[in-house]
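I opened my notebook for a new model today and looked up a few things in turn.

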Amino acid sequence: MEKKKHALRQLLAAVEKELLKKPNRKTLDRLSLLAGFQDWDSFQEALHGEADGKANYSLEENKKK
């Protein structure tokens, strides 16, 4: 019974370690694309930065004029 407990603890530790792992950069970039951003850095800047998200729209309006 003690062997089974030890094996179960090892399995739970391995699963917990895998769940807590941060996604790699490629995954983060792809998730950012789904949210409408070019990459993870752009998403982070919009989330935590000073930009209000209107910069892209003002560039498009200037091109039309």
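My entries below go from the overall make-up to single residues.

**Entry 1: ground rules**

I am working with a predicted model, so I noted that local features need pLDDT of at least 70, that side-chain atom pairs count only at pLDDT 80 or more, and that totals for chains, interfaces and linings use all residues. Residues are numbered from 1 along each chain as its sequence is written, and side-chain values use heavy atoms, with hydrogens and water left out.

**Entry 2: overall make-up**

I looked up the secondary structure and found 4 helices and 0 strands. Helices here are DSSP runs of H or I with at least four residues, strands are runs of E with at least two, and both are numbered from the N terminus. Along the sequence the pattern reads α-α-α-α.

Next I checked burial: of the 65 residues in the protein, 3% are buried. Buried means under 20% relative accessible area, exposed means over 50%, and partly exposed lies in between, with a 1.4 Å probe and protein chains only. The accessible surface comes to about 6500 Å², and 57% of that belongs to carbon and sulfur atoms. These areas come from the Shrake-Rupley method with a 1.4 Å probe, and for residues only the protein chains shown count as cover.

I took the length of α1 first. Its 18 residues reach 26 Å from the first C-alpha to the last, close to the 26 Å expected at 1.5 Å a residue. The expected span is 1.5 Å times one less than the number of residues. The number of buried residues in α1 is 0, so the helix lies largely in the open.

Which residues make the nonpolar surface patch of about 650 Å²? I listed Leu8, Leu11, Leu12, Val15, Leu19 and Leu20. Patches take residues with over 30% relative accessible area and no salt bridge; like charges are joined within 9 Å, and nonpolar side chains (Val, Leu, Ile, Met, Phe, Trp, Tyr) within 5 Å. Leu20 sits in the loop between α1 (2–19) and α2, and at 69% relative accessibility it is exposed.

**Entry 3: salt bridges**

How many salt bridges are there? I count 2, with a salt bridge being a side-chain nitrogen of Lys or Arg within 4 Å of a carboxyl oxygen of Asp or Glu.

- Arg25 bridges to Asp29, with the closest N and O atoms 3.3 Å apart. The two are 4 residues apart in helix α2 (residues 25–34), which means about one helical turn separates them. Arg25 is partly exposed at 39% relative accessibility, and Asp29 is partly exposed at 22%.
- Asp41 bridges to Arg25, with the closest N and O atoms 2.9 Å apart. This pair links distant parts of the chain, 16 residues apart: Asp41 belongs to helix α3 (residues 40–48) and Arg25 to helix α2. Asp41 is partly exposed at 46% relative accessibility.

Shared partners join Arg25, Asp29 and Asp41 into one network.

**Entry 4: aromatic rings**

I found 2 aromatic pairs. Rings of Phe, Tyr and Trp (its six-membered ring) pair if their centres lie within 6.5 Å; planes under 30 degrees apart count as stacked, over 60 as edge-to-face and the rest as tilted.

- Phe37 and Phe43 are edge-to-face, at 5.3 Å centre to centre and 70 degrees between the planes. Phe37 is partly exposed at 26% relative accessibility, and Phe43 is partly exposed at 22%.
- Trp40 and Phe43 are tilted, at 5.4 Å centre to centre and 35 degrees between the planes. They are 3 residues apart in helix α3, so about one helical turn separates them.

Together, Phe37, Trp40 and Phe43 form one aromatic cluster.

**Entry 5: Ser32**

Is Ser32 buried or exposed? At 1% relative accessibility Ser32 counts as buried, and its place is in helix α2. Leaving aside neighbours within four places in sequence, I see Ser32 in contact (heavy atoms within 4.5 Å) with Phe37, Asp39, Trp40 and Phe43. That list takes in the aromatic cluster of Phe37, Trp40 and Phe43 from my previous entry.
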